[in-house]
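Subject: Structure for you to look at

Hello,

Here is the structure I said I would pass on. Please open it before reading the notes below.

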Amino acid sequence: MNSIFERIHMEEILERIEKLSVNAQPKWGNMNVAQMLAHCSLFQDIPMGDSFPPRGWLGIFVGKFARPVFYNDKPLARNMSTIPTILITDKKDFELEKENLKQKIMSFQQAGPENCSSHPHPFFGKLTPEQWGKGTYKHLDHHLKQFGV
């Protein structure tokens, strides 16, 4: 599985983000492209240690059993439920959200795994920096494919 901590994979994600257009339409889901970028940006705050969403009861009970879904080689399922605090429904500025996400990705990659948050994922629970790196890549890849890039 690719990891956002590997420079080549970070650059690939950044190139794909650059290919997005304000008019890109989702292949699935309810978010428009600007909302998706904002969602990914808010998600990025979690492994960076800038956001600490609470764990829900379902995650507490089944999260550790489902944990490999976050970082294994299998694609994420379409229309998976999301963390309530990063569900975006309001209008967002495409260019602003695109630049914000790119900056967060670069900052996270440059900080390296040693600076990854030890706070648990709100559903999957405690993750190693390696798992966060793979899961972050996988989450971004999932949403970029959602918009055809």
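This is a predicted model: local features need pLDDT of at least 70, side-chain atom pairs count only at pLDDT 80 or more; totals for chains, interfaces and linings use all residues.

Residues are numbered from 1 along each chain as its sequence is written, and side-chain values use heavy atoms, with hydrogens and water left out.

Helix 6

Helices here are DSSP runs (H or I, at least four residues), numbered from the N terminus. Helix 6 covers residues 129–146, 18 residues in total. From its first C-alpha to its last it reaches 26 Å, close to the 26 Å expected at 1.5 Å a residue; the expected span is 1.5 Å times one less than the number of residues. After helix 6 comes Gly148, which has a positive phi, near 80°.

Pockets

A pocket is found on a 1 Å grid over the protein atoms alone: it is an open set of points where a 1.4 Å probe fits, with protein on both sides within 12 Å along at least five of seven lines, and its lining residues have an atom within 4 Å of a point. Grid points are joined across faces, edges and corners, and the volume is the space filled by probe spheres set on the points.

The largest pocket holds about 780 Å³ of space. It is lined by 33 residues, and His39, Met80, Ser81, Thr82 and Ile83 are the closest to its centre. Helix 6 gives the largest share of this lining, four residues. The lining has 18 nonpolar residues, 14 polar and one charged. In this count Ala, Val, Leu, Ile, Met, Phe, Trp, Tyr, Cys and Pro are nonpolar, Asp, Glu, Lys and Arg are charged, and the others, Gly among them, are polar.

The second largest pocket holds about 180 Å³. Its lining includes Tyr137, Lys138, Asp141, His142 and Lys145, and divides into five nonpolar, one polar and six charged residues.

Cysteines

How many disulfides does the structure hold? There are zero, a disulfide being a pair of cysteine sulfur atoms within 2.5 Å. Cys40 is in none, as the nearest cysteine sulfur, in Cys116, is 16 Å away, too far for a bond. Cys40 counts as buried because its relative accessibility is 1%. Cys116 is also buried, at 11%.

Regards

Conventions: Helices (H or I, at least four residues) and strands (E, at least two) are DSSP runs, numbered from the N terminus. Buried means under 20% relative accessible area, exposed over 50%, partly exposed in between (1.4 Å probe, protein chains only).
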